[in-house]
Amino acid sequence: MTDAPDRIAAPPAYRALLRVFGRIGLLSFGGPAAQIALMHRELVEERDWLDEPDFLRALSLCMLLPGPEAMQLATYAGWRLRGVPGGLIAGGLFVLPGALLIAVLVALYAAFGALPPVQAAFLGIKAAVILIVVQALRGLTRKALTSPGARILAGLSFAAIFVLNLPFPLIVAGAALWGWVAARGEAISDTPQPSVPAEKPLRTALGWLVLWLGPLAALTAFGAPLLAQIGWFFAWLAVISFGGAYAVLAYMTQTVVDAHGWISTAQMIDALGLAETTPGPLILVTQFVAMLTGQLQGGPVLALAAGAVALWATFVPCFLWIFLAAPYMDRLATRPRLSAALGGVTAAVAGVILNLSVWFALHVLFGRVTTRDLGPASLPWPELATLDPVALGLVALAAALILRARRGIGVTLVVMAGAGLLVGTL
């Protein structure tokens with residue numbers, strides 16, 4: 001395993017590390033932007049654990065890696081302070097509060113989700129989810145689509161997934177390749193970077209790969225087909241999850257709903273709405289989906305096992321990426337082609353998230369959505385007669401709360417759940 005760098009003269013005590021990252025994990029609501037701002041305040045402004053250049057370089061590195069960038073930033077900060085144990089503490093505490101809350105929410109959802117009042121409240125939450133995704137898209141486009149080339153790439157990515165149904169991994173790979181090839185310029189810094197002995201990254205990669213994939217291979221070998229299928233799917237999702245949870249949700253939905261039939265489209269949208277209410281990374285929606293799948297197919301015990309497998313498959317690779325790449329952070333930060341490849345992926349992700357928002361809107365607003373084939377294209381086609389005026393009104397209310405009144409996600413979800421319940425009661 002990789003040791004911590006030598007630049008930390010007086011690392012904080014483990015007790016302080018537990019206290020600070022525990023607080024970050026409990027308060028990390030609001031998505032990656034709010035989570036990163038919280039870590040900046042705790043680690044840079046209120047303590048001198050990281051300086052500003054270190055923090056920004058670490059954030060750039062985490063954005064280059066697959067997986068939730070805020071969780072990986074916390075893991076890097078812990079590694080920077082106390083080596084691998086510190087990284088495990090920081091990353092683990094960032095995920096644990098949300099994971100525990102998700103487990104409780106799945107149990108409540110399985111017990112009461114079919115009741116009419118609960119369904120009415122969820123209609124309000126689904127309407128809010130549409131606008132939450134739109135808000136995330138607006139923030140991303142302001143930062144990522146600053147050139148005509150980026151806007152064209154975003155449009156092509158939207159067409160590729162919405163019209164042609166091309167797989168998300170292919171779109172991401174093509175966008176990264178486009179950014180890499182189109183990059184110009186030399187290294188940002190000519191300062192020689194320290195070398196890392198070759199055996200260290202090899203040892204780190206081998207150890208964490210065995211730790212990550214070994215249990216999944218054991219599930220396959222010893223005849224736990226559902227758990228193995230869940231584990232391998234979410235392990236693959238962890239490898240391709242560039243651009244955050246919103247970017248892979250459409251691909252995940254297509255697989256778990258259409259290909260495997262684990263849950264329904266409505267349950268998938270409910271899962272995202274409930275995941276928005278918890279602290280920690282939004283990719284915890286994978287745990288919700290896995291636990292609900294286990295609950296539906298085998299009851300509470302299988303639900304807990306499926307949730308544990310999903311958490312393992314999703315988050316263990318985050319530690320692998322950070323512990324493997326962190327010693328090279330300064331060197332990676334000077335490579336313009338890597339930054340350009342990330343820019344290409346980010347532009348493509350904007351198009352993918354637009355597809356997700358349209359998909360959510362169609363399935364919330366219309367009672368029936370079919371597919372219409374037009375040559376190589378395949379378009380979702382809503383039946384206009386099934387438009388739900390109540391859902392349309394709730395979407396308008398959510399738009400007023402989020403886009404005009406600028407209410408936070410937590411307040412919006414509570415208000416929209418109450419509005420849905422009120423309308424359903426009336």
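Trainee: Which side chain does glutamate 383 meet in a salt bridge?

Mentor: A salt bridge here is a side-chain nitrogen of Lys or Arg within 4 Å of a carboxyl oxygen of Asp or Glu. In this case glutamate 383 meets arginine 368, with 2.8 Å from N to O. The pair links distant parts of the chain, 15 residues apart, since glutamate 383 lies in the loop between β2 and α16, and arginine 368 in the loop between α15 (336–365) and β1. Helices (H or I, at least four residues) and strands (E, at least two) are DSSP runs, numbered from the N terminus. Keep in mind that this is a predicted model, in which local features need pLDDT of at least 70 and side-chain atom pairs count only at pLDDT 80 or more, while totals for chains, interfaces and linings use all residues. Residues are numbered from 1 along each chain as its sequence is written, and side-chain values use heavy atoms, with hydrogens and water left out.

Trainee: How many salt bridges does the structure hold, and which residues do they join into one network?

Mentor: The structure holds 7 salt bridges. Those that share partners join Arg23, Arg41, Glu42, Glu46 and Arg47 into one network. Glutamate 42 and arginine 47 form a salt bridge whose closest N and O atoms are 2.7 Å apart, and both of these residues are buried. Lysine 126 and aspartate 270 form another salt bridge, with the closest N and O atoms 3.6 Å apart. That pair also links distant parts of the chain, lysine 126 being in helix α5 and aspartate 270 in helix α11 (residues 265–275), 144 residues apart. Both lysine 126 and aspartate 270 are buried.

Trainee: How do strands β1 and β2 run, and how many bridges join them?

Mentor: Two strands pair if DSSP finds at least two bridges between them. Here 6 bridges join β1 (residues 369–374) to β2 (residues 377–382), and the strands run antiparallel. Aspartate 373 stands opposite serine 378 in β2, and the hairpin has 2 residues between the strands, with glycine 375 taking a positive phi near 70°. Arginine 372, found in strand β1, is partly exposed because its relative accessible area is 40%.

Trainee: Which residues other than glycine take a positive phi?

Mentor: Asparagine 165, with phi near 60°, is one of them, and arginine 406, with phi near 55°, is another such case. Asparagine 165 is found in the loop between α6 (148–162) and α7 (168–182), and it counts as partly exposed because its relative accessibility is 40%. Arginine 406 is found in the loop between α16 (389–404) and α17 (409–425), and it counts as exposed because its relative accessibility is 66%.

Terms used: Buried means under 20% relative accessible area, exposed over 50%, partly exposed in between (1.4 Å probe, protein chains only).
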